[in-house]
Amino acid sequence: MIEALWTNLDYAASVVLFSIGLYCVITRNNLIKKFMGLNIMETAVFAFIVALGVVEGGDAPIMGADASPPFTNPIPQALILTGIVVAVSTTAIALSLIIRVYRQTGTIEADELREME
Amino acid sequence: MKRASVAALLVLIAIPLLAAMAELPPHGSSETPAYTHVSERYLQRGAQEAGAENIVTDVILNYRGFDTNGEVTVIFTSVVAVAAILLLRDEERTSQERSSTPVSPVLLFIVRTMAPFIALFGMYVILFGHLSPGGGFQGGTILGALVIVSTVVLGPDVAHRMVPAPARPWLQAAAPLTFVTVGLAGLAVTGHYLGFPSGDEWGWVGTLMLVVIEIGIGVGGGTIMASIFWMMEEER
């Protein structure tokens with residue numbers, strides 16, 4: 001298994017990044033930091049899926065006059081472009097919700113918010 | 001105690017993930033199922049069939065155009081949601097004085113000098129998205145970043161003039177509007193919603209429709225970036 005992981009080091013790196021993001025989400029108390037952790041997890045998934053499309057020695061999938069195979073896989077790139085845009089939208093909404101929480105309660109620390117109820 | 005349990009949880013989650021990663025086909029192999037079925041066809045015929053030399057653009061705007069149509073609706077919905085969350089106020093807010101830290105002249109000079117080039121680069125990325133790396137979302141982000149930089153350095157008054165207030169709602173909705181318009185044009189021409197004419201004779205019409213969508217996405221995306229920033233910036 002270790003040997004297989006070594007050839008798939010890019011995928012293993014995205015698992016590590018995912019765990020770092022999850023650690024932030026669980027342990028951080030500040031809502032913005034929690035959300036940064038979520039963004040790190042998103043980035044890990046994006047990096048993993050883009051890495052799936054890499055082909056050894058492949059060029060960008062652009063069919064110019066002097067383009068020659070192999071090309072990298074265009075589908076993961078297109079999917080992740082969609083994913084990034086949706087991630088930006090959710091980030092914008094989450095940050096504005098955090099601003100709203102701060103305006104109403106004066107704090108964005110999760111434990112202080114819990115005591116407030 | 002808490003730290004140890006969190007570490008244990010992370011290891012518990014990471015081990016199955018790593019085991020699954022080890023089972024995947026080797027990184028960089030061209031024999032993977034992900035590469036040998038659909039994308040092989042896209043790579044072989046995409047440039048003739050879908051109207052753009054950049055296959056990623058073909059996938060986004062043509063093969064999976066419905067997906068992108070929903071996606072531009074998502075970013076438009078996000079700007080509406082941010083406005084709904086931030087602009088509806090319960091209490092009357094007293095107008096606060098903006099902090100008036102003087103901007104460094106070096107920064108001013110650099111931003112003023114670079115702004116036209118950044119705008120030009122953004123438009124290049126949008127307009128050449130079908131021939132080179134780039135496209136509407138990427139170019140729109142560059143244009144949005146230009147407006148945000150101008151807001152921070154040159155002040156909101158200068159930046160607000162870049163996106164005139166009467167046109168702002170229309171520009172925010174530009175991406176879904178152009179998408180639906182081009183989709184309906186495709187319906188009229190080919191009989192399918194988002195159908196792009198292809199072939200030697202009508203291929204240029206398909207490419208033109210792709211470029212129009214790219215411009216719509218770029219302008220709309222840039223305006224949405226800048227608008228979200230402005231709404232959050234007013235909170236200071």
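Here come two exercises, each with a worked solution.

This is a predicted model, where local features need pLDDT of at least 70, side-chain atom pairs count only at pLDDT 80 or more, and totals for chains, interfaces and linings use all residues. Residues are numbered from 1 along each chain as its sequence is written, chains are lettered from A in the order in which they are written, and side-chain values use heavy atoms, leaving out hydrogens and water.

**Exercise 1.** Work out how much area chain B and chain A bury between them.

Step 1: chain B brings 55 residues to the contact (heavy atoms within 4.5 Å), and chain A brings 50.

Step 2: together they bury about 4,500 Å², 71% of it on carbon and sulfur atoms. Buried area is the accessible area (1.4 Å probe) that two parts lose on being put together, summed over both.

Step 3: B:M21, B:H27 and B:I85 supply 15% of the area that chain B buries against chain A, more than any other three residues.

**Exercise 2.** Decide how helices α3 and α4 of chain A run relative to each other.

Step 1: find the helices, which are DSSP runs (H or I, at least four residues) numbered from the N terminus. In chain A, α3 covers residues 31–52 and α4 covers residues 74–105.

Step 2: get the geometry. The two pack at about 175°, with their axes 10 Å apart; axes are lines fitted to C-alpha atoms over the stretch in contact, and angles run from 0 to 180 degrees between N-to-C directions.

Step 3: that angle makes α3(A) roughly antiparallel to α4(A) (over 145 degrees).

Step 4: name some contact residues, including A:F35 and A:F46 of α3(A) and A:I80 and A:I84 of α4(A).

Key. Parallel < 35°, antiparallel > 145°, perpendicular 65-115°, else oblique.
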